[in-house]
Structures are given as structure tokens and as C-alpha cells.
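Here is a brief report on one protein model. Please look over the sequence and the 3D view before reading on.

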Amino acid sequence: MRITVSRRAHFNAAHRLHNPTFSDEKNEAIFGKCNNANYHGHNYELEVFVSGEVNQETGYLIDLKVLKDIIKEHVEEKFDHKNLNLDVPEFANLLPSTENFAKLIHDILASKLDPAFSIQVKLWETPRNAVIYPAIDQIR
Ligand code: NI
């Protein structure tokens, strides 16, 4: 039986969306408040989905304590109360948009979990705006 389990997490981080190849006016027009020169914070909500075959001996897909600890160590502790632009090497040359951030979190978790699992993340930057990666039309 193939199934999906999920785990939620929360952290706060600051960022600035600014493309140095754009003029100041273009940055302001495209990124709005997220272009603020002195950064700003978001209360990020994360939901991680893990899909695969249920283990017939345990009845589990994955021990949720294991998933919880991996998210805590490799996502929450890496990003909570950080400045994404300045503190996270992966964003040194990559815009810390919710889109790019969701993919980064996905790739980190995929590298820590059994490759037999398929992983999807949903990252909310605000209570109403979220990004899902991989795209829901690409889930295998
Ligand atoms: Ni922002």
C-alpha cells in the first residue's frame, strides 16, 4: 500500500529579494516590500510530505520521530532566526524566494531520507501564500 504521511514545522527567518542586475526601480516594482534594503522577517510554516510503501512488519511508512528529528536538525536549526541572504551559503548567489527556498528544503530532506521515499514540501511565507515543490503536476 502506497501512502503519504506529513509533518509540520515552523521557523522564522529574514530575507531580502533583490536582483543586482535590475535597477532600483525595477527591483522595487518586482519585489515590493520584499526588496526592503534592511531585510524583513517571515514566519515560515513548513509541511513535509513523505510518500512510499507501508512497511508490513511495522504498519508504518516512516517513524515520525525520525522525520521530526531530521526536519529539526537540518531545516529548523539551519534556518530559524537566520538572515537567509547573509547566513545561508546556498543563497549567496540565489534569490531567497519562497520558490527557491522550498526547493532547497526539499533537496536537503531528500539527501537525508531513504531514497525509496518520495518527498514533497509545502512552504508558507504568509498564512495565505505557499509554494509546493515538486510541482503538483510532477508528482510521481
Ligand atoms: Ni519577504
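## Helix 2

Helix 2 has 16 residues and reaches 21 Å from first C-alpha to last, close to the 22 Å expected at 1.5 Å a residue. The expected span is 1.5 Å times one less than the number of residues. Helices (H or I, at least four residues) and strands (E, at least two) are DSSP runs, numbered from the N terminus. This is a predicted model: local features need pLDDT of at least 70, side-chain atom pairs count only at pLDDT 80 or more, and totals for chains, interfaces and linings use all residues. Residues are numbered from 1 along each chain as its sequence is written, and side-chain values use heavy atoms, with hydrogens and water left out.

Helix 2 bends by about 35° at Lys 72. The bend is the angle between axes fitted to the seven residues ending at a residue and the seven starting there. Leu 67, Ile 70, Ile 71, Val 75 and Phe 79 of helix 2 are buried. Buried means under 20% relative accessible area, exposed over 50%, and partly exposed in between (1.4 Å probe, protein chains only). The buried residues of helix 2 pack against strand 1, strand 2, strand 3 (82-83), helix 3 (84-87) and helix 4. Contact here means heavy atoms within 4.5 Å.

## Helix 4

The 15 residues of helix 4 should span 21 Å at 1.5 Å a residue, and its end C-alpha atoms are 21 Å apart, which agrees. Its buried residues are Thr 98, Phe 101, Ala 102, Leu 104, Ile 105, His 106, Ile 108 and Leu 109. They pack against strand 1, strand 2, helix 2, helix 3, strand 4 and strand 5.

## Nonpolar core

The largest nonpolar core has 29 residues, and those with the most contacts inside it are Leu 46, Phe 79 and Ile 105. Strand 1 (2-15), strand 2 (40-53), helix 2 (64-79), helix 4 (98-112) and strand 4 (118-124) each supply at least two residues of this core. Helix 4 gives the most, with six residues. Such a core is a set of buried Ala, Val, Leu, Ile, Met, Phe, Trp, Tyr and Cys residues joined through side-chain atoms within 4.5 Å.

What does Leu 46 touch, leaving aside neighbours within four places in sequence? Its contacts include Phe 11, Ile 71, Val 75, Ile 105 and Val 121.

## Nickel site

The protein donors of the nickel ion are His 15 (NE2), Cys 34 (SG), His 40 (NE2) and His 42 (NE2), lying 2.1 Å from it. Donors are N, O and S atoms within 2.8 Å of the metal (3.2 Å for Na, K and Ca); water is not among the atoms, so sites may look incomplete. In sequence the donor residues follow the spacing H-x18-C-x5-H-x1-H. Cys 34 and His 40 are buried.

The four donor atoms subtend angles of 93 to 134° at the nickel ion, so the arrangement is tetrahedral. Four donors count as tetrahedral if all angles lie between 85 and 135 degrees.

## Backbone and loops

Tyr 39 has a positive phi of about 70° although it is not a glycine. Tyr 39 lies in the loop between helix 1 (24-31) and strand 2, and is partly exposed at 26% relative accessible area. His 81 also is not a glycine, yet has a positive phi of about 60°. His 81 sits in the loop between helix 2 and strand 3 and is exposed at 63%.

A cis peptide bond joins Tyr 133 and Pro 134, with omega about -5°. Pro 127 is in the loop between strand 4 and strand 5 (130-133). At 81% relative accessibility, Pro 127 counts as exposed.

Notes: Four donors count as tetrahedral if all angles lie between 85 and 135 degrees; four count as square planar and six as octahedral if opposite donors are over 155 degrees apart and all others between 65 and 115; anything else is irregular.
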